[in-house]
Amino acid sequence: MEVDADDELLQNAGDVQYPTLERQPSHYNPLDTFKLAKGDQKHYQQQYGDLYFLRLAKLKPAVEALADEEWKDFEIAGEKVRRVDRVLDVRQGELCWVAGTVYMDMPLKPNILDDISKDHWIAAPPPREKYISPTGQDQTMLEDESGRLRLIGTPLQLSMLVTGCIIAVMGTENANGDFEVVDMKVPDLPRQPQRWERDEASEVMPNGTGSKRRSSGEQKRTGVGKVAIVSGLGISGDQGDTLTLDLLMEYLLGEACGPSEQADVSEISRLIIAGNSISEGTPLAIREEEKKASRKYGYDASAYNPAPTTHFDNFLATLLPSIPVTLIPGSDDPANVSMPQQPIHPAMFPRSRNYAAMPDSTEAGWFDSVTNPWEGDVEGWRLMGNGGQPIDDIFKYVEGDERLEMMESVLRWRCGAPTAPDTLWCYPFQDKDPFVIEECPHVYFVGNQPRYETAVIEGPVGQVVRLISVPKFKETGELVLLDTDTLETEIVKFNVFESVS
């Protein structure tokens with residue numbers, strides 16, 4: 001097979017003048033939706049029940065408006081359906097509809113109250129892959145501030161439901177006190193902002209005349225670029241990590257390809273790392289005489305293994321002079337466990353933090369360590385993503401492994417983490433539920449998924465969302481490229497071939 005001379009890595013020196021390539025500039029405007037208060041302003045004494053009431057109060061008007069428009073003239077056998085305000089206002093044999101919060105009563109779900117009540121000090125059981133009961137003991141409930149109602153019916157079997165999502169159901173209560181569902185509605189996709197809407201709004205002159213500061217960036221806004229998304233780097237500091245990561249690094253820097261490929265790589269304006277950059281902690285081996293030494297506060301500092309974070313810091317510090325990076329933490333990263341995870345502390349990156357913004361700065365730095373979940377505007381498009389925990393938790397509630405369907409359901413429920421705080425740890429919010437999706441993103445990506453998948457979904461008033469399931473790089477070697485002009489995606493795969501002796 002003949003190879004194009006321009007794509008050969010080893011070439012003779014010549015007099016040909018090659019053009020200097022410049023990386024596509026990145027238009028980046030992140031949101032602080034999931035940032036928590038710091039210091040004494042952050043408390044954990046509150047009750048988690050308030051979070052459900054906040055979510056219901058926010059989403060109930062939306063789902064009720066949709067249900068009222070759909071069912072206002074609905075009749076069965078001459079009986080017209082009517083709306084009831086509370087779950088306990090449902091009357092037996094009366095056709096009605098009501099809105100509330102779904103609660104999945106599943107015996108196999110972890111229950112902290114049961115664990116406390118048991119007077120047995122035994123090792124904790126391994127986490128379950130699914131909460132679904134093989135004997136059919138699972139029940140679907142609808143609850144609000146007044147009480148709880150058991151739901152039955154075919155529509156429940158055809159729909160994906162988990163604890164915490166807000167729905168409206170139409171039907172009638174039978175003699176057993178169960179509500180037989182005839183139809184069901186979810187809030188569906190919220191309003192979707194126009195491209196560049198938030199950036200243009202920030203450019204309005206302070207005198208209120210409506211004139212805007214137009215810069216030379218107007219022409220750049222129409223340029224073609226790409227955003228690279230990767231997750232699950234799983235850096236452990238071992239030698240086995242080096243080769244694949246070096247291939248990824250050299251590709252992003254334009255060092256692993258010929259001139260024609262370098263032109264394509266120069267269009268990548270930003271790298272987004274979507275969680276689990278560091279593998280699970282592997283403490284250093286401790287000698288027997290060291291085990292007998294006293295530990296301060298029960299922690300043995302000599303077992304700390306700095307290799308993973310050091311290797312990751314070197315990886316980022318090599319990339320940052322060439323490409324801006326957005327870092328989202330994951331379940332294995334050195335960040336708080338509960339959602340929303342806060343940015344990884346810059347002290348973990350002694351070399352890379354030189355590219356981050358100052359602590360009191362309102363502008364994002366070249367290296368932006370953000371929350372999980374995260375949302376922001378990249379090249380004018382609203383992007384929203386997380387490290388995978390919300391989707392992995394929803395997976396335990398439902399049959400099958402259709403990750404794109406779960407992602408679509410999250411958007412149509414308008415809740416980024418519906419199972420929090422039931423089975424997904426989160427902060428006990430008191431004033432607002434930040435997981436409620438108030439504006440529909442243009443791109444929704446989820447990291448650390450079993451495989452790469454993508455789809456486009458549409459909303460009731462013309463919303464269009466690109467869904468991206470980002471696989472684990474350590475297992476698949478796949479990097480996702482998002483075209484910021486068309487929102488189409490492509491995969492770049494890195495393989496290390498072992499020689500056969």
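**Strands and sheet**

Begin by selecting valine 446, which stands opposite serine 469 in S18. The model is predicted, so local features need pLDDT of at least 70 and side-chain atom pairs count only at pLDDT 80 or more, while totals for chains, interfaces and linings use all residues. Residues are numbered from 1 along each chain as its sequence is written, and side-chain values use heavy atoms, with hydrogens and water left out.

Next, select strand S16 (residues 443-449) and strand S18 (residues 464-471): the two run parallel and are joined by five bridges. Strands (E, at least two residues) and helices (H or I, at least four) are DSSP runs, numbered from the N terminus.

**Two helices**

Now select helix H6 (residues 242-253) and helix H9 (residues 307-319), whose axes come within 10 Å and cross at roughly 15 degrees. H6 is therefore roughly parallel to H9 (angles under 35 degrees count as such). Axes are lines fitted to C-alpha atoms, for helices over the stretch in contact, and angles run from 0 to 180 degrees between N-to-C directions.

Finally, display the side chains: Thr242, Leu245, Leu248, Met249, Leu252 and Leu253 in H6 meet His311, Phe315, Thr318 and Leu319 in H9 (contact means heavy atoms within 4.5 Å).

Notes. Parallel < 35°, antiparallel > 145°, perpendicular 65-115°, else oblique. Pairing = 2+ DSSP bridges.
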